[in-house]
Every structure is written in structure tokens, then in C-alpha cells.
Amino acid sequence: MRRATIIDGKAVAASVIDVVKTAAAALEQQDGVTIGLAVIIVGDDPASHTYVTSKSRMAKECGFKSVQHTLPTHTSQGDLATLVNTLNADSTVHGILVQLPLPTHLDSEAIIQAIQPEKDVDGLSVVNAGKLATGDLKTGHVSCTPAGAMVFVRRIHGEDLSGLTAVVIGRSNLFGKPMTQLLLNANATVMTAHSRTKNLPDICRQADILVAAVGRAEMVKASWVKEGATVIDVGINRVAAPESGVGKTRLVGDVAFSEVAEVAGIITPVPGGVGPMTIAMLMANTVIAAYRSVG
Ligand code: GUN
């Protein structure tokens, strides 16, 4: 029997988007500033195109001027860097996002570092990562997916996580590391687990807050989860769904949802959990960047 409360990520994201729309309209009215978001995509990875289309559409819905730069796979490092520099210098652009992954011949790290930190609404530059690591959340930007996951954590547990143990599975720059820092800044006791971690189930069972971001379909089982824990599933994995017909697929997270929902206190679903929050937090970061730019 399911005992966990399921978080409605779409509803929480919609409430963030409402605030963004109001703030964007106010900036337009008070300062005559239209918020600008530039999204760069290189190549033709279908999943990346789907994400970018959603980001551009939502930016328009929020009243932003959204410009999408779609570049061919064979784009050179120099051409991409030139585009980033042009957008850095453009005062009508407040946020720049380079969709990852980039084609392998490109140096992603160099491109990300070329984005002016104030416009790095993905929070991936060393300046923004460093600000998060040192607890400066006032002048930096935090990577959108962990920022979104943290909105859930705050709504469930409040601002102060003193005394709570959190386990983050995954150590990527895009999610695991910033998520660990956010939880630490909120006074949680945090462990970051990864592919070299031993006794992962034992470590997960200690978590009051368990965050899974490994990219392995339904890896986290009920036996890994402490009774009543908050489980946040960041995975998006496409798996075969023969029950729906030949060749059909469905999305699942990194958590075996049905069985974990029998043990956890609160759980996020996939889809409809953390996913919608990523886009909402991108919009929020872009509004913040625009407000900072007018001082
Ligand atoms: N690819 C997958 N997630 C993300 C994200 O949050 N930002 C960027 N830039 N690329 C991604």
C-alpha cells in the first residue's frame, strides 16, 4: 500500500512561474526593460532539442524576449565562443544558456567559462559554483535542477535542515555537487554517493532526505529507503514499455517509484516532479539576472 505523499512538481513550478511573470511585467513597467534569454543549442540531439524548445516556449510565456541560436553539429569552438562573447556584450540579453551536452569536438568547459557569470543562469561557471560553495547565494546563480529540488526540500522541511541527514547519489557539476552544497548550506549533514561508493543501500538507508541523480532506471529500491524519508528523484530514463505496445517507451526515474512509495514519507514522481522545476528555476534565475542588471 502506498503511504508516501506525492509531490506535484507541475503545481509547484506553476507557482514559481506566476511569480516570474509578475516580476517580469513589473520590470517592464517600472524600468522599460524586457528580460532577454539567449539559448544556444549545437547539433541535433533530439532530447536536447525537446528541452530547448520547452525552455524557449516558457521564456516567451513569461514575457521574456527569448532568442534561440541553433547551430550545426560541425560548429567550431571559435564560432561558438564568438557567439557567447557577442551575447555577453549585448545589454538586452540577461541570461545565456548553452544546452549540454555539446558535440564531443567542442570544449564544453571553456564555453561555459566564457559566459559572463552574471548571465550564467545555469550556474555552471566556476565563479557561480564558487559562490555557492562559499555560501554566497545573494550574488551568484545556482544550477536550475538542484535549485528546483531544493524548493521541494524547503517546502517539506523548512529553511533549516539541522539534524537531518541527506544523501545525494551523483556527483555531476550540473546536479550532484551543487545539490550537496545547497543541502550543506541549509545545515543538513550530507553524504555524496557515486559510482565508486561501497554499500550504497546502507548509506541511502541513513537518509532523511534521499536525492537520486544517477541516470539508472529504477535503481533505488524500497529496501534502500528509511521509513518516512523524503525521496527526490532527479532521473529521467526512457525504458521499453511493451505493455503499451510494440516499440513503445515510457519515462521512469532513478527510483523504483511504486515500491519506494510504500516506504517513503514524501516522494517526487517522474515525470511531473523535479523536471518542471528545472525550467521554472531557469526563468527565475533569468529574472534575477535582469533585476541585478538594473541595480
Ligand atoms: N542538459 C541537461 N540538463 C541541462 C541543464 O540544466 N542545463 C544545460 N545547459 N544543459 C542541460
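This report walks through the domains, the ligand shell, the helix packing and some backbone details of a predicted model.

## About the model

Numbering starts from 1 along each chain, following the sequence as written. Because the model is predicted, local features need pLDDT of at least 70 and side-chain atom pairs count only at pLDDT 80 or more, while totals for chains, interfaces and linings use all residues.

## Domains and annotations

Let's begin with the overall layout.

UniProt, in an unreviewed entry, annotates residues 7–122 as "domain: Tetrahydrofolate dehydrogenase/cyclohydrolase catalytic". UniProt positions follow the numbering used here, feature names are shortened, and annotations may be inferred rather than shown by experiment. This span is 51% helix and 16% strand, and its end C-alpha atoms lie 24 Å apart. Helices (H or I, at least four residues) and strands (E, at least two) are DSSP runs, numbered from the N terminus. The unreviewed entry also gives "domain: Tetrahydrofolate dehydrogenase/cyclohydrolase NAD(P)-binding" for residues 143–292. Here the chain is 35% helix and 19% strand, with 17 Å between the end C-alpha atoms.

## Around the ligand

Now to the ligand, which is surrounded by Leu97, Val98, Gln99, Leu100, Asp122, Cys144, Thr145, Leu174 and Thr278. A residue counts as near if its C-beta atom, placed from the backbone, lies within 6 Å of the molecule. Both β4 (95–98) and α6 (144–157) supply at least two residues of this shell. Since domain 1 (31–118) and domain 2 (143–276) both give residues to the shell, the ligand lies between them.

By residue class, the shell holds five nonpolar, three polar and one charged. Ala, Val, Leu, Ile, Met, Phe, Trp, Tyr, Cys and Pro count as nonpolar, Asp, Glu, Lys and Arg as charged, and the others, Gly among them, as polar.

## Helices packing with α10

Helix α10 (residues 274–294) packs with helix α2 (residues 46–61) at an angle of about 50°, with the axes 10 Å apart. Axes are lines fitted to C-alpha atoms, for helices over the stretch in contact, and angles run from 0 to 180 degrees between N-to-C directions. The two helices, α2 and α10, are therefore oblique to each other; angles under 35 degrees count as roughly parallel, over 145 as roughly antiparallel, 65 to 115 as roughly perpendicular and the rest as oblique. The crossing of α2 and α10 is right-handed.

Helix α1 (residues 9–31) also packs with α10, at an angle of about 20° and with axes 9 Å apart. That makes α1 roughly parallel to α10. The crossing of α1 and α10 is left-handed: the near helix is turned anticlockwise from the far one by less than a right angle, whereas clockwise would be right-handed.

## Backbone details

Most residues other than glycine have a negative phi, and most peptide bonds are trans. Against that background, the Leu100 to Pro101 peptide bond is cis, with omega near 0°. Pro101 sits in the loop between β4 and α4 (108–114), and Leu100 is one of the residues surrounding the ligand.

Val270 and Pro271 are also joined by a cis peptide bond, with omega about -5°, and Pro271 is in the loop between β11 (266–267) and α10. Finally, Asn187 is not a glycine, yet has a positive phi of about 80°; Asn187 belongs to the loop between α7 (176–185) and β6 (189–193).

Methods. Domains from an automatic or database assignment.
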